[in-house]
Amino acid sequence: MKTQRQFHDTTTNAKIDTIGTKNPSFLGIQAVFTGELRIIDEQCYDPLSIFRILNSSHKHVQLPEDFKLDENILIKIYRKMITLNIMDKILYESQRQGRISFYMTSTGEEAIQIGSAAAVTLEDVIYAQYREAGVLLWRGHSVADFMNQCYGNCKDASKGRQMPVHYGSKKLNYVTISSPLTTQLPQGIANSLAVGTAYALKQSKKNACAICYFGEGAASEGDAHAAFNFAATLDRNNGYAISTPTREQFKGDGIAARGPAYGIPTIRVDGNDVLAMYYATKVAREFCIRSKKPFLIEAMTYRIGHHSTSDDSTAYRSSDEIAYWTRYMPIIRYRSYLESVGLWSEQRDIELKKRIKNSVLLAFTEAEKEHKACWKELFTDVYRTMPKHISKQMYSMEKHVVEFHKHYPLHFFKRA
Amino acid sequence: MTVRDALNSALDEEMERDEKVFLLGEEVALYDGAYKVSRGLWKKYGDKRVIDTPITEAGFAGIAVGAAMAGLRPVCEFMTFNFSMQAIDQIINSAAKTFYMSAGRVNVPIVFRGPNGAAAGVAAQHSQCFGAWYSHCPGLKVVSPYNSEDAKGLLKAAIRDPDPVVVLENEILYGVQYPMSDEALSKDFVLPIGKAKIERVGKHVTLVAHSKAVEQALEAANELAGKGIEAEVINLRSLRPLDIDTIVQSIVKTNHCLTVEQGWPHCGIGAEISARISESEAFYHLDAPVIRVTGVDTPMPYTKSLEIAALPQMSDVVFAVNKVLGLQ
């Protein structure tokens with residue numbers, strides 16, 4: 001996974017200043033003196049290459065030697081990608097019909113989510129941004145769990161407190177989504193710090209790490225710089241970050257180019273290639289756990305859906321552009337591969353999609369019918385122990401509801 | 001014992017008691033802290049428990065919040081609370097709200113601490129009180145110690161608390177000596193968060209203050225005592241939860257109330273207390289309106305003469321008390 005950064009001009013053998021010290025070391029940087037004034041810009045470099053496994057013809061695919069996934073897992077990867085895709089379609093439509101307030105789809109980014117999720121364990125902690133439902137799906141969150149959260153009903157584990165797609169699961173080590181951009185980066189770094197240091201005092205060495213997901217917008221926030229800097233300087237860290245880029249947010253060679261500048265080992269991966277995502281994440285994870293150092297993966301992809309239901313992306317990109325990328329959709333590429341190795345067929349595909357669609361629709365209907373969270377939950381969990389001023393409000397509301405129950409649609413709510 | 005040493009022993013005792021407690025911030029380790037509050041701790045506990053961070057408040061506050069989510073008990077020092085504004089998203093949107101938004105599944109046992117309020121001669125961006133800012137937000141607890149006993153007992157309580165706590169210290173008070181009771185010197189000394197202290201008993205007027213303003217209230221009470229006016233001085237200690245019961249009980253006795261604070265008046269701590277009094281039975285015991293003695297409603301000027309004029313002085317409190325009691 002060595003990154004190749006070659007200068008086009010003569011460099012390392014440039015004239016060495018013999019008057020100065022032989023091995024200058026400014027702030028620990030090992031560099032040589034030179035009499036040649038050279039300006040470095042992105043033209044001096046080859047852009048970082050993009051690692052991929054699935055080639056464009058999907059034929060004669062060469063898997064890395066230590067790539068081990070049995071047939072069941074290969075098919076499970078496809079099944080989860082399709083489930084995510086179908087769930088997205090149904091929930092997106094339900095937002096458009098006014099049944100939920102907000103939604104974000106993962107269309108086009110299924111490979112990043114499922115591929116990376118398949119390469120880590122449930123011991124690893126996930127700090128996601130918001131477009132990583134696939135990671136949670138892979139880890140065992142059921143379609144009903146997703147639906148209950150989006151509907152904020154009484155079965156929603158977050159008690160109807162989070163806007164749609166802000167999932168979280170303590171059981172699945174998936175930290176609740178936070179809307180402000182990039183807060184998950186320093187927090188995730190800290191999580192790995194905790195695993196790597198203080199916890200290690202008590203517990204035996206835990207072979208786990210933290211994975212932070214972030215998009216290119218998040219990489220523009222100051223927190224991203226802070227997190228990279230901390231990850232590199234705190235030096236006992238085994239978290240790593242997975243990012244997806246687009247052009248508007250930066251000049252230069254993307255996010256991956258920042259990795260070496262911070263001293264963080266980095267790979268750039270074809271984010272539309274689910275096998276490459278799986279393999280790169282596996283390598284990164286092993287590196288992190290072995291070396292206790294951070295790692296950066298830049299997954300190159302294209303968001304085919306709108307940013308969210310509050311966005312109409314046709315205002316800033318052409319339908320030709322979307323159509324172009326649709327041809328390279330990760331699901332299409334991966335299906336071709338599975339067919340080429342005899343693991344998949346048209347018939348199986350039709351059956352799978354039909355089955356998943358039915359089960360998603362069933363979960364959807366049931367979530368919608370479910371009671372709303374009990375109104376008392378409005379007041380709980382502000383503090384570990386409910387303070388007097390909050391319990392006073394709760395009791396006065398309770399008294400009011402008892403007295404005027406005829407005027408409230410209490411049958412929609414779960415009973416206290 | 002100075003307030004600085006009281007804070008230092010609170011940190012030391014809690015780090016010794018619970019290995020999940022660690023301190024991070026700018027210059028807290030090698031340099032012993034910008035105000036020497038963490039003196040000796042890095043030597044005693046080492047790199048893993050006392051961590052110097054790069055200069056990025058949003059970054060290390062986020063690191064601290066993440067560590068708390070992961071089960072540790074971080075104490076996050078802001079060199080001064082003025083710089084906490086750079087990190088306010090992590091404090092409010094992440095630390096204060098996560099327990100609620102995760103439906104009680106993830107708590108954030110974290111302490112944000114550092115000097116708050118006006119220092120001396122450091123102008124507008126280094127002289128402001130964050131009491132009202134942080135007390136506004138549900139999910140946070142906010143304490144504002146005055147003397148050494150407060151500092152030790154409240155910081156220890158904050159570190160042991162399961163919820164995020166903002167500890168607003170005062171730079172001017174760091175070097176001031178206050179007596180410590182035998183009880184306060186004990187390793188088991190913890191003050192309850194949400195409970196005020198009656199610093200001085202009186203029957204004519206109630207003065208409610210926090211942090212350095214307690215000093216002005218006590219000085220004013222001394223001055224007034226010479227004229228036969230007995231002021232009861234309440235040291236709030238906690239700004240959230242607010243101990244309104246102690247204030248109400250005092251007003252039932254004195255029938256007069258003034259608040260004293262260094263922060264701004266608009267939506268300030270005094271404004272909140274005044275509103276809470278109006279909503280309580282204490283309102284019917286008042287013989288005069290509640291009056292706020294606060295910092296002037298301007299950014300803090302640098303030059304000394306104007307700085308003094310911008311902060312409530314003892315004489316302002318005496319003047320206001322006389323007015324409320326109808327003696328002027």
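Predicted model: local features only at pLDDT ≥ 70, side-chain atom pairs only at ≥ 80, totals over all residues.
Where the domains touch, 33 residues of domain 1 of chain B are in contact with 26 residues of domain 2 of chain B. The size of an interface is often given as the accessible area lost when the parts come together; here domain 1 and domain 2 of chain B bury about 2,100 Å² between them, with 56% of that area on carbon and sulfur atoms. On the side of domain 1 of chain B, the residues that lose the most area to domain 2 are Cys129(B), Ser144(B) and Tyr146(B), which together account for 24% of what that side buries.

| Link between domain 1 and domain 2 of chain B | Count |
|---|---|
| Salt bridge | 1 salt bridge |
| Polar contact (both residues at pLDDT 80 or more) | 9 residue pairs |

As for the elements involved, α6 (131–135), β5 (141–143) and α7 (148–160) of chain B each supply at least two residues of the side of domain 1 that touches domain 2, and α6(B) gives the most to that side, with 4 residues. By residue class, the side of domain 1 of chain B that touches domain 2 divides into 21 nonpolar, 10 polar and 2 charged residues.

A salt bridge also joins the side chains of Asp150(B) and Arg237(B), with an N to O distance of 2.7 Å.

Terms used: Residues numbered from 1 in each chain as written. Chains lettered and ligands numbered in written order. Heavy atoms only, no water. Contact = heavy atoms within 4.5 Å. Buried area = accessible area lost by both parts, 1.4 Å probe. Salt bridge = Lys/Arg side-chain N within 4 Å of Asp/Glu carboxyl O. Polar contact = N/O pair within 3.5 Å; in protein donor to acceptor, adjacent residues only side chain to side chain. Nonpolar A, V, L, I, M, F, W, Y, C, P; charged D, E, K, R; others polar.
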